Amino acid sequence: MEFEEKRKYLVESLINRKIVNDQNVIQAMLKVPRHKFVPQGAASSAYLDSPLSIGLGQTISAPHMNAMMCEYLELKEGDKVLEIGTGSGYHAALCAEIVAPEDCKNPGHVYTIERHKKLADKAQKSLEDTNYGDRVTVIHGDGTLGYSKEAPYDKILVTAASPKKVPPPYKKQLKEGGILCIPAGSREWGQNLYIIRREGDEFKSENITGVRFVSLIGKYGWQE
Ligand code: SAM
């Protein structure tokens, strides 16, 4: 089976399982070539609905998790997005496909931070190779600090497990009316996925489901 056919099959199964419903997310999942973001040798597994190793003890999340997080963030054209945990760069490309589709009138942008330099460099290359290089900015650093240079953000996506639901820098860097999606809880026993909306100075959280992510390590995260 060709990659495009496998991708279509995967997206159909996400629709049938009622994981995705938003047309923007569906079109982005159909378009972004996930097999170009996984390590060489794992391309044949790129369209299975499971996480894959990307080296340095880190993972690219399962496609259903990428789709769910995009959908709960209510991403739309023009959004400025901050992602913490670039990993492979795939989730950043998915967000970019939604907030800045080619030739749109009002393109948004994705800023994504990765603490491992080797992963940040590899993701940058994959994003350039797949034509997302100008819609995504990859930053090497501690994402628990956020990225104040481009704040405030419409949406903040955290793809590693945090000890806190709203690390203080994200409070400051999320726009009023903005949405934060973050897995928070125990490092050992798993976390819950939270959707947190900023309403004025209040942060209203909704617990979506139980999840298990690799740890968010940094000043406002866990210690190494
Ligand atoms: N979104 C990624 C993708 O599409 O491949 C998967 C992310 S992986 C589950 C979590 C990533 O968060 C890892 O690459 C890890 O190195 C990174 N990470 C952990 N703590 C971080 C921090 N404080 N700042 C930036 N990245 C961090």
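The ligand is surrounded by 26 residues, a residue being counted if one of its heavy atoms lies within 4 Å of the molecule. The closest are Gly85, Ser88, Glu114, Gly143 and Ile217. All of this comes from a predicted model, in which local features need pLDDT of at least 70 and side-chain atom pairs count only at pLDDT 80 or more, while totals for chains, interfaces and linings use all residues. Residues are numbered from 1 along each chain as its sequence is written, and side-chain values use heavy atoms, with hydrogens and water left out.

Polar contacts hold some interest here; the term means a pair of N or O atoms within 3.5 Å, and within protein one must be able to donate a hydrogen and the other to accept it, with residues adjacent in sequence counting only if both atoms are side-chain atoms. A ligand nitrogen sits 2.6 Å from a polar backbone atom of Ile217. Taken alone, the ligand exposes 610 Å², and the protein buries 99% of that (Shrake-Rupley areas with a 1.4 Å probe; for residues, only the protein chains shown count as cover).

Next comes helix H2, residues 23–31. Helices here are DSSP runs of H or I with at least four residues, strands are runs of E with at least two, and both are numbered from the N terminus. Val25, Ile26, Ala28 and Met29 of H2 are buried, meaning under 20% relative accessible area, against over 50% for exposed and in between for partly exposed (1.4 Å probe, protein chains only). Seen down the helix axis, these buried residues fall within an arc of 165°, so they line one face of H2; the arc is that of the directions from the axis to the C-beta atoms. Their cover includes helices H1 (3–16), H3 (63–72) and H4 (90–99), with contact meaning heavy atoms within 4.5 Å. At the N-terminal end, Asp22 caps H2, with a side-chain oxygen 2.8 Å from the backbone nitrogen of Asn24.

His116 lies in the loop between strand S4 (109–114) and helix H5 (117–129). Its side chain makes a polar contact with that of Arg115 at 3.3 Å. Leaving aside residues up to four places away in sequence, His116 touches Leu56, Gln58 and His140.

As for disulfides (cysteine sulfur atoms paired within 2.5 Å), the count is zero. For Cys95, the nearest cysteine sulfur is that of Cys70, 4.2 Å away. Cys95 counts as buried, at 0% relative accessibility.
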